[in-house]
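The structure is shown first.

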Amino acid sequence: MHSEKIDEYTKKNNIALQGGGQDRIKAQHDKGKLTARERINLLLDEGTFTEMDPLVTHHYHEYDMQKKIFFTDGVVCGYGSVNGRQIFVFAYDFTVLGGTLSKMGAKKITKLIDHALRTGCPIIGIMDSGGARIQEGIMSLDGFADIFYYNQLASGVIPQITASIGPSAGGAVYSPAMTDFVIMVDKIGTMFVTGPDVVKTVLGEEISFEDLGGAITHATKSGVAHFVAKNEYECMDYVKKLLSYLPQNNTEEPPKTKTDDDPNRLDHNLINIIPENPLQPYDMKEIINSIVDNHEFFEVHELFAPNIVVGYGRMNGRVVGFIANNPMHLAGALDIDSSNKAARFIRFCDSFNIPLITLVDTPGYMPGSNQEHNGIIRHGSKLLYAFCEATVPRITLVIGKAYGGAYIAMGSKNLRTDINYAWPTARCAVLGGEAAVKIMYRKELAKAEDPESLKKELIDEFVEKFENPYVAASHGTVDNVIDPAETRPMLIKALEMLENKREKQLPRKHGNINL
Amino acid sequence: MDYKILDIEKSFEGKIIENLGNNEYVIKINDNDHKLKILNMTSKGIEFILDQKYHRAKYLEQSTNEMNLVIDNVPITLNIHAHFDEIVYKNTGGGGTGDAQLALKSQIPGKVVSIAVTDGDSVKKGDIVCTLESMKMQVAIKAHKDGVIKSIKVKETATVAKGDVIAEIE
Amino acid sequence: MIEKVLIANRGEIALRVIRTCRALGIKTVAVYSDEDYNSLHVKQATEAYHIGEAAPVKSYLNQEKILEVILLSGADAVHPGYGFLSENDDFARLCEKNKINFIGPSADSMDLCGDKMKCKAAMLKAKVPTVPGSPGLVKDVDDAEKIANKIGYPIMLKSVYGGGGRGIRIVNTDKELRDGYESVTGESMASVGKSAIIVEKFLEKTRHIEFQMARDTHGNTVHIFERECSIQRRNQKLIEQTPSPVVDEETRSRIGKLVCKAADAVGYTNLGTAEFLRADDGEFYFIEINARLQVEHPITELVSGLDLVKLQLDIANGEPIPFKQSDLKMNGYAIECRINAEDTFLEFAPSTGPIPDVIIPAGPSVRCDTYLYPGCSVSPFYDSLMAKLVTWGQTFEESRTRMLSALNDFYIEGVETSIPLYKTILNSDEYKNGELSTDFLKRHNMIDRLTEDLKKEKEEKSEAALAAAIIYSEYFKSRIQNNAINNSNWKNKLN
């Protein structure tokens, strides 16, 4: 019965699945790119994708657009599960009118984000778009604005992840920037506000797509990309891995797993990672790798501001966000980029109930006119603000140097950090010995017969007096000095103690972090 | 879904045709139907009967295009979505999953006794990268593919755990 | 009469000794380190005492601590197993001094046998043929080089206090000798705490054939047949069998008499093993006497019907050996496979970690001596031997096929094992035809053949693997239902 109706439905359905048609699909494949639906199938668990609004089309008639009507209108939306967890996903379809965004496309995406908000599930966006659909004029731009509005609505409520596997230019680029994490596929994903052609016309600057806004550029220089994937497979792996550390929404705790790694595991080799000579660098990641469950540390934003390390690890099954100075780069000093990187990471973790562990070894803020003129004062304050604002459990472990403003900024006690520990090798002071002595004893050194040996004597005295954690411990500003071998058990115990921490900020519309 | 087992160079088409309920299914592998009954399943492993034969499988590391499992004690790696490989690897030039792997991981725990190469050295598959001491024996960790040492992740006297990255080889 | 035995060892051999003692109504005392508190031997002994940290030198090699426990527990005898303190004459003397019955040879004969040079001298005197080598310990690496060139390469650098294959290097040139000298010294120190090097000619295509012997305190000496242990890697035995395909009744009797002569020559007491290398021309060369119960003793037990640990206890009690040489008759064929936690493709590097599940084979004439049980773990601090799988048959073929079947049944989850390699070896024509030699693995490209076999196995299992992969996603569909039910936080939040 009704066989004609059934046939009509089947026919329409099949056309919808073809996107822009076989030719365009082949062109996409020839460029080494998968289609929107293929990407969604790579991401989701087999057979769990339910598409929404596949039969949406645009309703434009200017510029002969009525001759170019395609189902889905350039975006494939829907929901499904990733490793058993429900998520919402939209993927721009480059085969349909170059993946350009139209009013209806934007409507689909905002509808999707709305669903995600109503059900409290993460949203993944796959970018592969030529930008606004010029033929639709302002309506297309309004579509983008709608999406940006919803990105903001969802920010801090549900995790938003963007995978950039193709171009996104002009206005399109701001949506990914507003999401929480951006993964770009090397040599395929590009993002820029103004393309190389216009750049050449206006400024005369010649630059390639890759150099202007490719994955490596954004991962290392601008910090827009948090991850660089070698190919689309790896991109999906990153999304899945990231999701495994995050809760579905901000009312939930991050997923806890059972681990075989003994929470009481000691590591007597940790102290050997720190070289005897304080001027020699070491890799902070070795320490993090040792203390996390199964030596698995998922680093985020690896290529940007390597002088600070941020990422996720598990401690006895609980997800923890780590922030740590890395003496391998710039001696672990804080600067503009690292302050931004860490501050954003802290605020994300705070939004999603992820406790924070901070490992400190920093000689201070980077000096110099470059930093000062570019606003190290403003950017540095972000880190302080972010720490103070975070109400998730916060633990700080001072491993080496912690001087001056950087000592304060890296989760010191009085920023209302919950637990502060220090290794015996910790050195908390206003300034390092050399610099301090030069200032405090300027007159004496000028008068001395043998200023070098006097200086050495004074430095030794200063070091003994101040450059150790015991002074801080005696004031309670460090809760305890711990045996480095016991770092893992001590941190886990602190986390367990802080499990049900409850802290609220005073009600206000929002603070005024120095952006 | 299409699958490929690299070691034996065979490709397959496989999917679930019918869910008969009570943990029984009909699946299709290439052109043949098979009856499958799940006896026991967790995210880590499964016991099942396939056409009257009992099997047990352990699910190991998974990634988007690779499934690692141990079936009846035999380790097998399956490439999933293999028909996308040509497209996906077009821009990055990466070959099969084994070659594309950057990290040379240690299969055993031990202490680094000596490192035989430095960053930038060319190595061939099988060249000694470093030597570990484990259980009173010295074991050489060898390069898993031809290439250039991109970065050595360990140093002498460091302790490594099973699975730790020793070096990255491009 | 011995009433309480302390077993100064761990793992499967500790269990082995406990079992015999228990059957005889003798109480047992187990000792364990930090690593072993969950071990089977600890659970099965009458009493168990903690003796120290994981590292052997802090626990199983700690003589003072072990003596303390012997006195504390009131044990009147100690069984040292193999390895650890079993051939440590200081420990034997310590026991003798404290009037504790050391179940093994006297400290003096242990000292003599343990010192390969002294032992060789005693053999020469007793007219037992030995392998050409250095007249004594080499003074240094230069001396070693001189002797090596005199005897002619290839030669073996051997630690006098080695055992279990440690402290041995085969070298072909002066350069290799210089390189190998240090590591041989090192390995010996790490294994038993002492080091001294001798040089021996390395014979090619040899077979390793050893004879079990026993001598009581009344001067009675018997040999309990030979064992062929030619299949080795890095001079450690992998597969042993008895009888040897190249030992007929006449040879057995002839060499057996030599063995008894050797035991008399060193004044040996209790059980020991005389090891020989049989050259391709049929000549037997004495290598050493292992003054302890050996790992592979079960195969001798299966073809002789004896309980060798019980024999040790009898001799330690001062009783005469309860049978004559003429009473002993070999019955059937036995094979043992040493199931090691090793990665064959990583040059047998040790594989360690927890063992979530294990299924131990059984059946007619299938014996498995092992410390494994689901939930135990293989420690990086100790030997990689997890289990000894032994089978018996009326014919060699029967014991071989039983072993293959048992290997197939053996399921160990959590570590790499040598089981796949043994299947390939036991299926090979060369093994079936008894064409054994100490370079068996290399000579017959066993590792390559293993790779081929594994490939075939993968082909056979590919369909099942696919089924497992296909059904994998089903699991997650069911989880979505569960997650939705649990996500009520969101739904109920009123703010």
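The model is a predicted one.

**Chain C as a whole**

- Chain C contains 17 helices and 22 strands.
- A compact globule of 495 residues would have a radius of gyration near 23 Å, and the 25 Å of chain C agrees with that.
- Taken along the principal axes, the box filled by the C-alpha atoms of chain C is roughly 95 × 55 × 50 Å.
- Of the 495 residues in chain C, 60% are buried.
- Among the contacts in chain C with a separation of 6 or more, 65% come from residues 24 or more positions apart.
- Chain C has an accessible surface of about 19800 Å², and carbon and sulfur atoms hold 50% of this area.

**Chain B as a whole**

- Chain B has 2 helices and 16 strands.
- The globule rule gives 15 Å for 170 residues, whereas the radius of gyration of chain B is 20 Å, well over that value, so chain B is more spread out than a compact globule.
- The C-alpha atoms of chain B fill a box of roughly 60 × 40 × 20 Å along the principal axes.
- Buried residues account for 44% of the 170 residues in chain B.
- For contacts in chain B between residues at least 6 apart in sequence, the share that joins residues at least 24 apart is 37%.
- The accessible surface of chain B is about 8500 Å², with 47% of it belonging to carbon and sulfur atoms.

**Helix 4 and helix 5 of chain C**

- Helix 4 (residues 89–97) of chain C and helix 5 (residues 107–114) of chain C have axes that come within 9 Å and cross at roughly 175 degrees.
- That crossing angle makes helix 4 of chain C roughly antiparallel to helix 5 of chain C, because angles over 145 degrees count as roughly antiparallel.
- On the side of helix 4 of chain C, the contact is made by Asp89(C), Ala92(C), Arg93(C) and Glu96(C), which meet Ala107(C), Asp108(C), Met110(C) and Asp111(C) in helix 5 of chain C.
- The residues of this contact between helix 4 and helix 5 of chain C divide into 3 nonpolar, no polar and 5 charged.

**Buried residues**

- Gln63(C) is in helix 3 (residues 63–73) of chain C.
- Gln63(C) counts as buried because its relative accessibility is 15%, and the cut-off for buried is under 20%.
- Leaving out residues up to four places away in sequence, Gln63(C) touches Leu85(C), Asn88(C), Asp90(C), Phe91(C) and Leu94(C).
- Ser412(A) sits in the loop between helix 15 (404–409) and strand 15 (419–422) of chain A.
- With a relative accessible area of 5%, Ser412(A) is buried.
- Apart from neighbours within four places in sequence, the residues in contact with Ser412(A) are Tyr407(A), Thr417(A) and Asn420(A).
- Ile108(B) is in the loop between strand 9 (103–105) and strand 10 (110–115) of chain B.
- Ile108(B) has a relative accessible area of 2% and is buried.

**Backbone geometry in loops**

- The peptide bond from Thr242(C) to Pro243(C) is cis, and its omega is near -5 degrees.
- Pro243(C) belongs to the loop between strand 11 (236–242) and helix 9 (249–265) of chain C.
- Lys187(A) is a residue other than glycine with a positive phi, near 70 degrees.
- Glu9(B), also a residue other than glycine, has a positive phi near 50 degrees.
- Glu9(B) is placed in the loop between strand 1 (2–5) and strand 2 (10–21) of chain B.
- Glu9(B) counts as exposed because its relative accessibility is 70%, and the cut-off for exposed is over 50%.

Definitions and conventions: Residues numbered from 1 in each chain as written. Chains lettered and ligands numbered in written order. Predicted model: local features only at pLDDT ≥ 70, side-chain atom pairs only at ≥ 80, totals over all residues. Heavy atoms only, no water. Axes fitted to C-alpha atoms, helices over the stretch in contact; angles between N-to-C directions. Helix = DSSP H or I, 4+ residues; strand = E, 2+ residues; numbered from the N terminus. Parallel < 35°, antiparallel > 145°, perpendicular 65-115°, else oblique. Contact = heavy atoms within 4.5 Å. Nonpolar A, V, L, I, M, F, W, Y, C, P; charged D, E, K, R; others polar. Rg over C-alpha atoms; globule rule 2.2 N^0.38 Å. Buried < 20%, exposed > 50% of the residue type's maximum accessible area, 1.4 Å probe, protein only. Areas by Shrake-Rupley, 256 points an atom, 1.4 Å probe, with all protein chains shown as cover.
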